[in-house]
Amino acid sequence: MPQTLITHLPHNFVWGSATAAAQIEGAAHNDGKEDSIWDAFARVPGAIAQGDTPEVAVDHYNRMPADVEVMKRIGLQSYRFSTSWARIKPGDREVNKKGLEFYSRLVDELLDANILPWLTLYHWDLPQALQEKGGWANRDTAYRFRDYAATVHEVLGDRVDHWTTFNEPLCSSLIGYAAGEHAPGLQDPRAALAAVHHQHLAHGLATTALRELAAQPLEIGITLNLTNAVPNDPTDAVDLEAARRIDALWNRMFLEPILLGAYPVDLLDDVRDYGLAELILPGDLQTISAPIDFLGVNHYHDDNVSGHPLPAGTPAGLQPTPSLKSSPFVGSEYVTFPSRDLPRTAMGWEVNPSGLRTLLVRLTQQYPTLPPLYVTENGASYDGDVVIDGRVSDPERAAYIRAHVEAVNDAVADGADVRGYFLWSLLDNFEWAWGFDKRFGIVHVDYDTQVRTIKDSGLEYASIIAEHTSVHA
């Protein structure tokens with residue numbers, strides 16, 4: 001067994017993998033489930049690559065016990081999954097018992113397999129009926145989310161101790177409401193910032209409600225996708241300003257209301273023409289900054305940032321569809337992202353493992369009251385995943401995983417309190433606007449037959465988990 005330099009990871013480090021309900025479950029209109037915004041968005045011509053939909057996805061709803069058995073074979077210690085609001089409260093009306101029963105069975109299967117359930121309440125699949133009332137641009141949706149969280153806790157709170165309110169609110173606000181690439185597919189900067197604030201408020205309301213409802217202590221947190229905004233030329237004031245703006249919009253607009261109870265002053269100035277400040281009502285920031293027990297960090301790549309136009313002839317970045325998109329960076333739409341001479345994944349994302357170390361250490365140094373960290377998503381899509389004689393050879397993904405785990409280990413050596421790593425993703429799945437065109441899984445899924453095959457990267461991950469376990473045996 002090859003040895004890896006992960007000796008700094010604590011003995012109780014949690015090894016897991018992650019998925020999202022809308023990407024894997026399918027059964028999109030079975031057993032009482034109604035449209036989420038992704039079901040509706042997928043019916044918009046040109047919204048999703050190849051016209052794919054999440055209607056069947058990878059049929060996890062019907063194959064869940066077998067998928068848990070796959071997790072067990074890999075050696076996962078925890079499984080990070082999301083519950084579908086549109087399945088549990090279709091149209092955000094009455095509770096759908098069949099929907100809750102599915103998640104109750106999933107939790108029982110995980111516990112029987114000695115796998116820790118790690119529940120995410122919102123991974124982007126708002127009930128379409130709420131979107132028709134304004135979605136996250138409507139302040140009332142925050143209170144509807146609180147009630148949904150309480151409903152889930154009522155059934156699962158006796159067995160689930162780890163609760164994440166939101167996954168990557170940047171994507172479900174800025175990319176969904178400003179860029180138009182994700183559901184609900186709007187290009188409205190003011191609505192996007194309203195969505196940011198109302199999701200923050202929903203997080204705080206749900207955090208408080210869960211603590212009030214819990215009969216035993218819960219671990220409650222949120223997962224943010226964070227980046228290193230690297231100035232293309234660190235001696236150029238224009239590039240430095242562009243990097244500051246992206247750091248404000250991508251990182252600090254999410255971190256600081258939650259951790260510090262305030263929006264960054266420079267961020268509020270950057271977006272002063274789009275109404276964010278007017279949405280902040282008395283008491284909001286106190287609610288939003290309710291104490292959390294962990295911060296989930298999702299990180300796939302750094303961002304090399306410039307305030308100058310890209311040179312003529314620069315190839316356009318990869319896009320899932322040719323439909324017109326806008327910049328998600330409200331108030332800083334002029335910012336560009338020049339390419340660096342680094343390897344890239346099939347998504348066009350740079351591969352730079354040291355960036356994960358830099359990010360985790362920066363968080364530790366910048367926020368003295370930071371709770372423990374978990375890397376809740378990290379992974380890569382590569383082309384060429386083909387089953388040959390029962391095997392999927394994907395050496396690039398395997399190398400990506402090991403290098404990033406070693407970067408986490410280095411961050412811990414540098415003082416970061418990182419307590420777990422969740423690989424994205426367990427299964428190949430419906431990759432949002434990319435449909436089934438991009439594969440992130442360590443388990444290959446044949447989309448015609450739904451047959452699962454653990455890839456070589458999955459075996460590599462199993463080996464890393466075993467190595468760590470043996471070090472601390």
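**Close-up 1. Glu350 and Arg340 meet through their side chains.** In this predicted model, the side chains of Glu350 and Arg340 are joined by a polar contact of 2.6 Å. Glu350 has a relative accessibility of 5%, so it counts as buried, the cut-off being under 20%.

Close-up 2. Arg340 is the partner from the polar contact with Glu350.

**Close-up 3. Helices α15 and α16 pack together.** Two packed helices are described by the angle between their axes and the distance between the axes. For α15 (residues 395–413) and α16 (residues 456–471), the angle is about 25° and the axes are 8 Å apart. That angle makes α15 roughly parallel to α16, because anything under 35 degrees counts that way. As for handedness, α15 and α16 make a right-handed crossing.

**Close-up 4. These residues bring α15 and α16 into contact.** From α15 come Arg397, Ala398, Ile401, Arg402 and Val405, while α16 brings Ser457, Glu460, Tyr461, Ser463, Ile464 and Glu467. Sort the residues of this contact by type and you get five nonpolar, two polar and four charged.

**Close-up 5. Gln286 sits in helix α13 (residues 284–288).** Is Gln286 buried or exposed? Its relative accessibility is 68%, so Gln286 counts as exposed. From Gln286 to Ile465 is 40 Å in space, C-alpha to C-alpha, and 179 residues in sequence.

Notes
Residues are numbered from 1 along each chain as its sequence is written. This is a predicted model: local features need pLDDT of at least 70, side-chain atom pairs count only at pLDDT 80 or more; totals for chains, interfaces and linings use all residues. Side-chain values use heavy atoms; hydrogens and water are left out. Buried means under 20% relative accessible area, exposed over 50%, partly exposed in between (1.4 Å probe, protein chains only). A polar contact is a pair of N or O atoms within 3.5 Å; within protein, one must be able to donate a hydrogen and the other to accept it, and residues adjacent in sequence count only if both atoms are side-chain atoms. Axes are lines fitted to C-alpha atoms, for helices over the stretch in contact, and angles run from 0 to 180 degrees between N-to-C directions. Helices (H or I, at least four residues) and strands (E, at least two) are DSSP runs, numbered from the N terminus. Angles under 35 degrees count as roughly parallel, over 145 as roughly antiparallel, 65 to 115 as roughly perpendicular and the rest as oblique. A crossing is left-handed if the near helix is turned anticlockwise from the far one by less than a right angle, and right-handed if clockwise. Contact means heavy atoms within 4.5 Å. Ala, Val, Leu, Ile, Met, Phe, Trp, Tyr, Cys and Pro count as nonpolar, Asp, Glu, Lys and Arg as charged, and the others, Gly among them, as polar.
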